[in-house]
Amino acid sequence: MRTALLATLTAVALLAGATLAAAQPQNGIVRPTYEPEQPSVRLGEELFNANCASCHGIGGQGIGKPRPGAGDVPGAGPSLRGVGALAADFYLRTGFMPLSDIHAEPSNRRVLFTGKEIRSLVEFVASLGPGPGIPHPDLAGARLNSGFELFTEDCAGCHQSLARGGFVTGARVPPLQGYDATEIAEAVRIGPYLMPRFSTSRISEAQLASIVKYVLSTNHPDNRGGWSIGNLGPIPEGLVAWLAAFALCVVCLGLGRRLRA
Amino acid sequence: MSRMRQWLLALATLAWGRRRRPAVAEQREREREAEHAAAERIVPAGPPDRRAENLVVALLVLAALCAAGFIFVYAFFSPAEMPNQLLGVSIAASLGLVALALAVFARRLIVTEELEDDYPREHPEEQREIAQLVGESASRLTRRKLLLGAAGATGGALGLAGLAPVLSLGPLWDTSPLFASPWRRGRRLVDQEGRPMLADEVEEETFYTAFPEGADPDELASPIVVVRLAPSAIRLPAGRGTWAPRGILAYSKICTHAGCAVALYRKPRFPVVEPKPALVCPCHYSTFDPATGASVIFGPAGRPLPQLPLMIDASGHLRAAGRYSGPVGPAWWGVRSGEVK
């Protein structure tokens with residue numbers, strides 16, 4: 001009797017959950033009813049007003065103090081006037097934006113807009129005011145070894161020398177594998193979230209190309225000795241060495257026992 | 001007065017005790033020898049082996065020399081050019097030679113006697129026998145004192161070698177080198193390539209490393225980290241009102257916890273919802289707030305980063321306007337929470 005009741009209750013709960021899930025919009029993105037052939041500033045504006053303006057304000061003017069936005073989610077965000085195509089392209093293509101909660105650290109790589117929508121939004125944001133364009137690092141003239149040196153000087157403090165990511169107080173430092181050359185160059189010039197910004201007076205275009213070349217090379221690092229151990233540096237390597245030595249001791253002890261017996 | 005009497009009494013007791021002891025010890029020694037002579041040998045008396053003894057002494061002396069070599073290397077080289085391999089090789093050779101000496105001693109100088117029976121437990125008679133066995137097994141030694149001396153020298157040298165690194169904990173009597181700083185009023189700030197820094201080129205949302213013009217950049221107090229904040233956000237301690245012209249701040253780059261370089265700058269893009277700007281040391285995540293004189297807001301550092309007052313000259317270059325607000329680098333016994341004793 002009791003089992004039957006429990007089974008019924010579970011079934012009802014599951015059904016209710018499924019109905020609720022089906023009722024939710026796919027990912028919260030609101031799209032215009034028509035589908036234009038080409039990316040355009042107009043499509044970008046419509047997408048912006050529907051999905052971005054609750055935090056970035058009307059016309060991208062920014063909202064300084066959190067205030068109730070769409071669906072009672074508090075909205076606040078920096079002004080987008082003058083950030084140019086650079087920032088819009090970076091945040092949208094990497095999936096750092098849109099953000100579900102303004103206090104969340106932008107981190108996940110779920111890209112919610114299509115390529116055409118992103119190009120439209122980038123065109124619209126660039127039209128809000130004069131700002132930097134999308135960088136095009138010249139990898140042909142880049143040098144891997146100077147890229148490594150620059151990376152250890154300016155980036156490895158947070159991102160670790162093989163760009164595997166880490167932590168700073170108050171933020172997670174993402175690993176840099178899987179990003180393309182443009183995204184890496186954009187991140188250096190913007191300084192997303194807590195990362196410092198590096199302008200051309202700090203890191204020249206040629207130096208930036210070398211850094212990008214090095215970061216791309218960490219996707220397939222040259223693991224001398226054959227075993228990467230996660231490319232996490234000397235601490236896991238030391239740990240593995242200790243474990244191997246311990247295993248060797250156990251084997252020797254076993255052999256010794258056997259010889260004596 | 002009564003204290004003095006107590007001291008005299010204690011000294012007299014000590015002297016009397018020291019005079020008495022040898023007599024007692026001698027008597028005991030004689031008794032033991034008599035006992036030995038009386039008892040029958042269990043372990044066959046081994047023939048003396050001078051060559052093995054010489055070998056053991058030589059090995060021990062070599063080990064002592066290696067340990068002394070460690071101390072010499074440690075004392076002779078400055079920390080920057082210390083040959084670590086030489087340190088490791090000398091101490092490893094010393095310990096290896098001691099092990100070799102013990103092995104030779106055990107194999108060639110100890111007379112061995114195998115016992116077939118189980119180890120006797122509650123038989124005082126047999127216990128005495130065991131003690132005698134152990135005593136007689138050293139019968140081959142002819143130069144006990146020489147061997148003991150060599151072993152003592154090795155132990156002493158190794159112990160001193162182990163203690164030598166204590167000297168690196170810092171200067172003991174004269175702590176003035178810890179306060180040394182190449183920064184003087186009027187000295188220009190230069191970047192890594194030696195180019196003077198212009199105030200207008202210092203941007204917000206990023207950080208710069210600077211050095212004193214014409215000074216040794218490897219000196220502990222040389223490197224500084226320069227950041228620019230909105231002047232309205234700056235809340236420096238009292239008396240530092242003019243230290244940050246146009247919102248440009250300079251702090252020692254050496255963390256006050258363990259002396260690492262403060263190499264991270266946390267910069268909020270949208271301060272309303274992001275943590276405030278901070279200088280972060282990558283070693284143990286000590287976090288300093290540049291807006292309030294680098295006060296510690298997180299981590300193990302015990303005191304703020306020393307601040308360097310800045311000024312801007314007529315040509316727009318950044319110059320030091322004085323000296324640091326406190327001693328640079330990790331705290332030591334003369335420094336307590338930023339105050340100099």
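What percentage of the 261 residues in chain A is buried? Buried residues make up 32% of chain A in this predicted model.

**View 1. Chain A as a whole.**
The secondary structure of chain A comprises 10 helices and four strands. Along the sequence, these elements follow the pattern α-α-α-β-β-α-α-α-α-β-β-α-α-α. Take the contacts in chain A with a separation of 6 or more: 62% of them involve residues 24 or more positions apart. Of the 261 residues in the chain, 32% are buried.

**View 2. Helix H9 of chain A and its surroundings.**
Helix H9(A) covers residues 205-217 and has 13 residues. From its first C-alpha to its last, H9(A) reaches 18 Å. That is close to the 18 Å expected at 1.5 Å a residue. The helix is mostly covered, with 10 of its 13 residues buried. An α-helix has 3.6 residues a turn, so residues three or four places apart point the same way.

**View 3. The side of chain A that touches chain B.**
The contact draws 22 residues from chain A and 23 residues from chain B. Strand E1(A) gives the most, with three residues. By residue class, this side of chain A divides into 10 nonpolar, nine polar and three charged.

**View 4. The open sheet of chain B.**
Four strands of chain B form an open sheet. Their order is E5-E6-E7-E8, and the pairing is antiparallel. Strand E5 (264-266) and strand E8 (295-298) of chain B stand at the edges. Each has a single partner strand, so one side of each is left without a neighbour in the sheet. Neighbouring strands of the sheet are turned by 35° against each other on average, direction ignored.

**View 5. Strands E7 and E8 of chain B, paired.**
Strand E7(B) spans residues 287-289. Three bridges join E7(B) to E8(B), and the two run antiparallel. Which residue stands opposite Asp289(B) in E8(B)? The residue is Ser295(B). Strand E8(B) is also an edge strand of the sheet, with a single partner strand.

Conventions
Residues numbered from 1 in each chain as written. Chains lettered and ligands numbered in written order. Predicted model: local features only at pLDDT ≥ 70, side-chain atom pairs only at ≥ 80, totals over all residues. Pairing = 2+ DSSP bridges. Axes fitted to C-alpha atoms, helices over the stretch in contact; angles between N-to-C directions. Expected span 1.5 Å × (residues − 1). Buried ≥ 20, exposed ≤ 12 C-beta atoms within 10 Å, placed from the backbone. Contact = placed C-beta atoms within 7 Å. Nonpolar A, V, L, I, M, F, W, Y, C, P; charged D, E, K, R; others polar.
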